[in-house]
Amino acid sequence: VVAQLSVTVRSVLPNGDLVVAGEQKMRLNGENTLIGIEGRVRREDVTGDNRILSSRLADARIVYNGRGFVAGSAKPGLIARLFRFLGLG
């Protein structure tokens, strides 16, 4: 998933790191999607235009929640669910 999200600074830690969090709701391919991110950022990793790569986010928690056809097609099929229920998968 490639996305750009805006976050806000929730707190500043004693060592100067920033705790940031944000979420974005969007509609993609006819389905509602929520992407959320939270983590800790070093001030020196923030670029001059206030951007940071997610790879520079410590203690990252990233949430992706889709609803609709695309998300539904990513779920296991009936046979896979049956095997899992029977302890065979």
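Colleague: Leaving aside its neighbours within four places in sequence, which residues is Asp-17 in contact with?
Modeller: In this predicted model, Asp-17 is found in the loop between strand E1 (8-12) and strand E2 (18-28). Once its neighbours within four places in sequence are left aside, the residues in contact with Asp-17 are Ser-11, Val-12, Arg-40, Val-41 and Arg-42.

Colleague: Is Asp-17 buried or exposed, and what is its relative accessible area?
Modeller: The cut-off to apply here is that a residue counts as buried when its relative accessible area is under 20%. Asp-17 is therefore classed as buried, since its relative accessible area is 8%.

Colleague: Which side chain does the side chain of Asp-17 join in a polar contact of 2.8 Å?
Modeller: A pair of N or O atoms must lie within 3.5 Å to count as a polar contact. The side chain of Asp-17 takes part in one of 2.8 Å, and the partner is the side chain of Arg-40.

Colleague: In the hairpin of E1 and E2, which residue takes a positive phi?
Modeller: E1 and E2 pair in the antiparallel sense, over four bridges, and Val-9 stands opposite Val-20 in E2. The hairpin has five residues between the strands, and the one with a positive phi, near 95 degrees, is Gly-16.

Colleague: What pattern does the protein follow when read along the sequence?
Modeller: The protein has two helices and four strands, and buried residues make up 20% of its 89 residues. Read along the sequence, these elements follow the pattern β-β-β-β-α-α.

How values were computed: Residues are numbered from 1 along each chain as its sequence is written. This is a predicted model: local features need pLDDT of at least 70, side-chain atom pairs count only at pLDDT 80 or more; totals for chains, interfaces and linings use all residues. Side-chain values use heavy atoms; hydrogens and water are left out. Buried means under 20% relative accessible area, exposed over 50%, partly exposed in between (1.4 Å probe, protein chains only). A polar contact is a pair of N or O atoms within 3.5 Å; within protein, one must be able to donate a hydrogen and the other to accept it, and residues adjacent in sequence count only if both atoms are side-chain atoms. Contact means heavy atoms within 4.5 Å. Two strands pair if DSSP finds at least two bridges between them.
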